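Biologist: I'm new to this one. Can you put it up and walk me through a few parts?

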Amino acid sequence: MSAPDRTPPANAPVLAVENLQVAFRAGGREHLAVQGLDLSVSRGEVVGLVGESGSGKSVTGLALMGLIDAPGRVAGGRIVFEGRDLMGLSEAELRRLRGARMAMIFQDPMTTLNPVLRVETQIVEAITAHERVSAKAARARAREALVRVGIPAPDERLGAYPHQLSGGMRQRIAIAIALLHRPALLIADEPTTALDVTIQAQILAEAQDLCAEMGTALIWITHDLAVVSGLADRLLVMYAGRVVEAGPVAEVVEAPLHPYSAGLIGSAPSRNKRGARLAQIPGLAPPLGRRPPGCAFAPRCFNVRPDCSEPPPLVRRSGREALCRYPLSETVVA
Amino acid sequence: MLTYLIQRFGQAVLTVAAMATLVFLGVYAIADPIDVLAAPDATPDERAQISRRLGLDQPLWMQFATFVWRALHGDLGRSFVYNEPAFTVILQRLPATLELAFTALFIAIALGLPLGLWAGLRAEKATDKAIMGGSILAFSLPNFWQGLMLVLIFSVTLGWLPAGGRGETVRVLGLDLGFLTLDGLRHLILPAVNLALFKLAVVIRLARAGTREAMLQDYVRFARAKGLRPARIVGVHVLKNILLPVVTVIGLEFGSMIAFAVVTETVFAWPGIGKLLIDSINRLDRPVIVAYLMLTVCLFVLINFVIDLIYAALDPRVRLAETDA
Amino acid sequence: MTPAATLPEEPVPYRADPVWRAHARAFFRSPAAGLGLVILVAVALVAALAPWITPQDPYDLASLDVMDGTQPPGSRSFAGLTYWLGTDAQGRDMLSAIVYGLRVSLVVSLSATLIAASVGSCIGVLAANAGGRLDAVLMRLVDLQLSFPAILIALVLLAAFGRGIDKVVIALVTVQWAYYARAIRAQALVERRREYMEAARALALPRTSLIFRHLLPNCLAPVIVVATMQVAHAIALEATLSFLGVGVPVTEPSLGLLIKNGYDYLLSGKYWISTFPGLALVAVIVAINLVGDRLRDVLNPRLSA
């Protein structure tokens, strides 16, 4: 369950997010899909961002890349990447960063690559968008990139169209593209959810190795705790648009502070005793715009108290954080 | 790819055969063929002569065989008005219509794609609404009236462009082409625009819908995440994806464009096969009408076949379908 | 107690609850559609009352004075009649000619649409109910017909049969029935699996009754939708055919023919002979499109609640 050995992260964070707010306009009003999000990622660190659908995790990833489109917008906060506040940059400057210093891959490899363009075209354009290279040199680098992610017969694959390749291979190509310019940060939005379980494990391992090799920080967004617990150094748990718990992965998994994290961990199938009923968190996450005042998790919390109807404070404990008025003690696990 | 083409070719041949049968039945079996094939003022002697020459006293199946035989040799009767083989008469005027139709097609695509793309990118904003409103007008108003308005505005009121006729032509490879001369171009613009308007509206709507859909796709998001310039994203990624449906529809509509040339050629006195058809109808020159029908059918089938080819070339999924595991 | 004795001869055919009021209200929420409807009603009234409200009967040759030919709008005749929209080459008052022309255009396109809708619906429903080879053959026919441009088919038919209002109607019907057949067949295929059809079949009702009393009336929604689009097409097509000189005869000109007659004068600056009938034609088509679009939106089950 522990991450493999590699160089310890440097001191200055590659990414420092403060109080990020992302709003969406629906039905004439604006609702906050993400609020009060603080996040910092150091060089080479792997951060897992966990939450159910609707928790705002994908929105967070897109916001970091500056890819939030109408009807959404980044409504507040600071995103400091490699020392620059992304909020103050023009679209042209952001474009120079995207793909070169920060990259993102998405969930569905079937739709990430353009079906009517060859693989080679899609890799080469990612190269030439940021560097002046000859067509030959670009092609050679594209080939190298395929080799690097372990794709056999790279020359054939370059000339192929996406639909001729398997899902796993397509995702590998997406990763190859993302890592072309050795970015400082890679954001992976559920990249293995749409793949076979066996391929999942492979891609996971490969992504981890590549990032370690290049010193690329990795933010792995997923709803699957099992996936991320073997991969990440730190874990952030999101619920209803906020980070409800953050800390080193081993500590969060062994002894969660927030009742939601405890619920997530407890409901993972691997933790279940054979034959016993799978534990569930009762109820549903509140939809956008219908979040209760105070703690958003209160209606479903097994540890709820009367004053949980007040907004919960951020509790800090030895390198860990929890957004809870009554965080679970180290010995309590659901 | 080869099996696909052979299949399509076979279908094409079948359709032509079916239509030939229909035309034959229409002319020979239902109507009195003499009425169709002899001039209205022919004397009974002439009629008897024609009847013998065309073998109308033969059994029907034999007449059909002769009909097909003649048709394959390009003999579709003789025009009353021009006193030449109907086929020749039509063939002489075909280049004019094709020039018009291809120019109109070019205009429809060259204008329609960018406008539709633009409308799709600015969806729901003023630009989009203006373009869509214009396209609705172009689509629903009668073609001939649009032509009339074009003449009224550009010829009569502004005096910029001529109101009819073809203008100077140059002989290239045995064909008289007008667009190679300035005068010819001036005469070509208005009728080509008129013919293009319907299709322009269709292309705009297709391109707009396709663009809106494409912009929501993951591959556009991924392209942005790669840091590609918007020009490249729209110009390569989106465009290539919307080309396919646009080309298919437009290609299929090209045939109807040739049919609609009838109206445009009448309004602008353009000497093509459309005008020939109307004149022939009014002058009861029926062999020409029959010849026109057969030619149009063949043209339609040919166009559909070419579209299938282009479709296969543009969509790699079709082309490679048979070679995949 | 024998069940047969208590069953009626034939059950009352199933009809979904009419929701006309709700639809009407939704319809009028669009000012453009309301405007379109007003224009249409006005046009229909004017056309219907033509003989009584026009200042001149344009087809009574005795009342025409060729000396008044091609007078510009607003000029007056010797008899003191104001030619509000000018006159044509024969001295006909354009206003009257347009009103009568509207009449012919409307009558031709509406009757063609009605007949095409009826014929097409019957065929479509028959095809859907019969299934198998009859269905396949009929649909092949529909596809074949729809793959050829309407104007070509109409031209050929009129070339063969000559001019005349009835022939124009037949040509229009031939061109349009296929749209209705296809639309109603799709609906009928769905409807015939519904319970009321099962019940009717279980009672061994005669086939014609099954199809025409029970199935057909419940498949009319798509027919209305198609009709709203096709009426405008019919008017435009009829006008085009008349403009080309193969449509209605000279004695009963429609708007298309009027436009044709005025075309030559257009080039010499006497615009009113073509332009005003053209504007009338366009106004009617635009109004129909506005009404039709709105009607389609209102009747679309996916858009309404």
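This is a predicted model: local features need pLDDT of at least 70, side-chain atom pairs count only at pLDDT 80 or more; totals for chains, interfaces and linings use all residues.

Biologist: Which residues of α6(B) are buried?

Modeller: Ile131(B), Ser135(B) and Ser140(B). Seen down the axis of α6(B), the buried residues fall within an arc of 150°, so they line one face of the helix. On the other side, Ala126(B), Ala130(B) and Gly133(B) are exposed.

Biologist: And what covers the buried ones?

Modeller: The cover includes α5 and α8 of chain B, together with α11 and α13 of chain C.

Biologist: Chain C, then. How many residues does each chain give to the contact between C and B?

Modeller: Chain C gives 27 residues and chain B gives 26. On the chain C side, α7, α11, α12 and α13 each supply two or more. By class, that side has 21 nonpolar residues, six polar and no charged ones.

Biologist: Switching to chain A. What is the strand order in the sheet of eight?

Modeller: The order is β6-β7-β8-β3-β9-β10-β12-β11 in chain A, an open sheet with mixed pairing. β6(A) and β11(A) stand at the edges with a single partner strand each, so one side of each has no neighbour in the sheet.

Biologist: How do β3(A) and β9(A) run, parallel or antiparallel?

Modeller: Parallel, joined by four bridges. Leu49(A) has Leu236(A) in β9(A) as its bridge partner.

Conventions. Residues are numbered from 1 along each chain as its sequence is written. Chains are lettered from A and ligands numbered from 1 in the order in which they are written. Two residues are in contact if their C-beta atoms, placed from the backbone, lie within 7 Å. Ala, Val, Leu, Ile, Met, Phe, Trp, Tyr, Cys and Pro count as nonpolar, Asp, Glu, Lys and Arg as charged, and the others, Gly among them, as polar. Two strands pair if DSSP finds at least two bridges between them. A residue is buried if 20 or more other C-beta atoms lie within 10 Å of its own, exposed if 12 or fewer, and partly exposed in between; C-beta atoms are placed from the backbone. The arc is that of the directions from the helix axis to the C-beta atoms.
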